[in-house]
Amino acid sequence: MRTSKGLLFFWVVFWVMKTDAQNGYWQQRVKYVMNIDMDVSSNRFKGRQQLEYWNNSPDTLDKVYYHLFWNAFQPGSMMDERSKRQGTIEIGNKSDWDPRVKDRISNLKPDEIGYQKVSRLTMNGTSQPYEVQGTILIVKLTRPILPKQKVTFAMDFEAQVPLQIRRSGRDNPNTKVRYSMSQWYPKLSVYDKDGWHPTPYVGREFYGNFGDFDVNITIDKNYILGGTGYLTNANQIGYGYEAEGAAVTRPAGDKLTWKFTAPEVHDFMWAADPEFVHRSKKIREDLTLHLLYKPAKSTPEKWEKILSDAAQALPYIEKTFGHYPYKQYSFITGGDGGMEYPMATLLAAPGAWLHEWMHEWFYGRLATDETHYPWMDEGGADYADTRVSAWLNRQGVPGYERPDSTYFQYLDLVKSGKEEPLSTPADHFNTNFAYSRASYIKGSLFLSQLGYILGDSVRDRVLLNYYNQWKFKHPDANDFIRVAQKTSGTKLDWYRDYWIYSTKTIDYAIDSLWEEGGKTKIRLRNDGLMPMPVDFLIRFKDGTQELHNVPLDLMYNAKPPEDAGMRWKVYPPWPWTNKFYTIETGHRLMEIDTGEIDPGLRMADINRRNNKIQLRY
């Protein structure tokens, strides 16, 4: 049967939606249309927003919530109070506060603060009552939104761009970038299976609805912009965006209107500066990389190297973590360090480009609720950054040697006594130290250690299956574990419960060894509170080796051999309640050179000193 491409696309989308509905899955959808008029002399802009909202939930909604993120940059805000409180906590000999924030919000003058003020809000043409509570706009609807109903909100708002404090803002003294425009518009909160998520902006992480954005930004014509989305009037704008060989025909007047469209994203960021240098590199027919940087901040070579390195790394990234689905990505100088957004990142320096780019797979496509699961994004990006950096090194690309200090940073966290469970919501960690070490470091170890449990090749299949099944769908930790279990045939709820919901640690040891009946027996001991499977490698004096794998009883499976050239022996499972377990080899004691638990150093054992023994005769 012959079917048109349009009809085929409709049926594919219909079938996916029907399948999701049958599985009980749903998510809300949005479409933003925004028109912005920026006054660069006052650092203020006026905005008009039309928001179409699809209530795909089975629930009737009598309220909605918007985020007004820039209200955080006012003296006395929750972000200000939280930061000052962190300054009273000492970690080592340093205050725990974020050095970018400190008490700077308290000292902002009226023309330096940030704000977003709504002057009109309607739903389907009817005015709606609302109130502001810090960084949240609470809207008590005059009529509820019914299940499966679509409504249209219309809003007029104005905003003042804050002095650069955290992520967004203006006139950063370090980057010298005029405008880093993130969290810049009133953004509808997410409603999901757990209800509304009107999380106040205290300092960390975000969560947004997937949808489409059409954003028109009118600004002085000497400013150069970059950010999320595709520029649809490039031949009117120029600045390197125009089609090859096209004549740029800018309209008359002192301002230009930049027209962007961004399909299937959950946020929209842009940056602007009159001195941006714009470079681009088309790395395949359907993908162009953009770079906008200020040459005074760093040498051009360091910035422009990003494009060639990214082009080289992308095939490996897509093979390992999944396909990049958009037609562009932009690396932009701005922000206060490195911060990820859909289709773009803000970078204060070129060195952080890879970590921020890898967020595009975790934050950008999977879009987990970072406010509750920051480790799923930060840990995933950190793991991917380390792995792709290693691949680039093997390809002979200099400048990316980065010692894998992840394990040692985790040990520092454990020894500090400040560790909190990974399940702690981002803003509710007691210290910034515990948050960063947990979300980035322990989150990264979650994936590298999963390779130890399942085998690296199986773990890699899990990552791809997870991405392909859950991209554009806001998965949580349970969704990841389910994919991992189905892919591997291994029960992993125990791993989730210990590694994410507790701070229990791993500590396996070699207890004793002896010869009995011409064979050598080796007794292993569990001194930790978190059980794990155990790999034990025996190296013999003749140069041969044996790998002894002891599965954990809670797995109800054993990983496949990882080295086809090595003898691999699998034992009955080790019950998690038992302190000791004995393995054996047919070799005599005098023939053994060394024995070692976890020879690949993939398990986060907090005391590796008792993991290896060398026999000298």
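This is a predicted model: local features need pLDDT of at least 70, side-chain atom pairs count only at pLDDT 80 or more; totals for chains, interfaces and linings use all residues.
1. Helix 6 and helix 8. Helix 6 covers residues 374–394 and helix 8 covers residues 432–454. The two pack at an angle of about 65 degrees, and their axes are 7 Å apart. The crossing of helix 6 past helix 8 is right-handed. On the helix 6 side the contact is formed by Pro 374, Trp 375, Glu 378, Gly 379, Gly 380, Asp 382 and Tyr 383. Helix 8 brings Tyr 435, Ser 439, Tyr 440, Ile 441, Gly 443, Ser 444, Phe 446, Leu 447 and Ser 448 to the contact. Sorted by class, the contact of these helices has eight nonpolar, six polar and two charged residues.

2. Helix 4 and helix 5. Helix 4 (residues 300–321) packs against helix 5 at an angle of about 35 degrees, with 12 Å between the axes. The crossing of this pair is right-handed. Helix 4 makes the contact through Ile 306, Asp 309, Ala 310, Leu 314, Ile 317 and Phe 321. From helix 5 come Trp 353, Trp 357, Met 358, Trp 361 and Phe 362. By class, 10 residues of the contact of helix 4 with helix 5 are nonpolar, none is polar and one is charged.

3. The second largest pocket. This pocket holds about 940 Å³ of space. Its lining has 39 residues, and those nearest the centre are Arg 100, Arg 166, Tyr 435, Ser 436 and Tyr 440. Two or more lining residues come from each of helix 2 (78–86), strand 24 (338–341), helix 5 (353–366), helix 6 and helix 8. Helix 8 gives the most to the lining of the second largest pocket, namely seven residues. The lining comprises 12 nonpolar, 11 polar and 16 charged residues.

4. The largest cavity. The structure has six cavities of 30 Å³ or more. In the largest cavity there is about 130 Å³ of space. It is lined by 14 residues, with Phe 362, Met 376, Leu 447, Tyr 466 and Phe 480 nearest its centre. At least two lining residues come from each of helix 5, helix 6, helix 8 and helix 9 (456–470). Helix 6 gives the most to the lining of the largest cavity, with five residues. The lining of the largest cavity has nine nonpolar, four polar and one charged residues. Two residues named here also belong to the helix contacts: Phe 362 is in the contact of helix 4 with helix 5, and Leu 447 is in that of helix 6 with helix 8.

5. The second largest cavity. Its volume is about 80 Å³. Among the residues that line the second largest cavity are His 67, Phe 69, His 197, Tyr 201, Arg 204, Glu 205, Thr 371 and Asp 427. By class, this lining has five nonpolar, four polar and three charged residues.

6. Asn 172. This residue is in the loop between strand 11 (169–170) and strand 12 (179–181). Asn 172 counts as buried because its relative accessible area is 6%, under the 20% limit. Leaving aside residues up to four places away in sequence, Asn 172 touches Gln 164, Val 177, Gly 335 and Asp 336.

7. Pro 561. The loop between strand 29 (545–550) and strand 30 (567–570) holds Pro 561. Pro 561 counts as exposed because its relative accessible area is 52%, over the 50% limit. Pro 561 and Gly 455 are 106 residues apart in sequence, with their C-alpha atoms 7.9 Å apart in space.

Note on methods: Residues are numbered from 1 along each chain as its sequence is written. Side-chain values use heavy atoms; hydrogens and water are left out. Axes are lines fitted to C-alpha atoms, for helices over the stretch in contact, and angles run from 0 to 180 degrees between N-to-C directions. Helices (H or I, at least four residues) and strands (E, at least two) are DSSP runs, numbered from the N terminus. A crossing is left-handed if the near helix is turned anticlockwise from the far one by less than a right angle, and right-handed if clockwise. Contact means heavy atoms within 4.5 Å. Ala, Val, Leu, Ile, Met, Phe, Trp, Tyr, Cys and Pro count as nonpolar, Asp, Glu, Lys and Arg as charged, and the others, Gly among them, as polar. Buried means under 20% relative accessible area, exposed over 50%, partly exposed in between (1.4 Å probe, protein chains only). On a 1 Å grid over the protein atoms alone, a cavity is a set of points where a 1.4 Å probe fits but cannot get out, and a pocket is an open set with protein on both sides within 12 Å along at least five of seven lines; lining residues have an atom within 4 Å of a point. Grid points are joined across faces, edges and corners, and a volume is the space filled by probe spheres set on the points.
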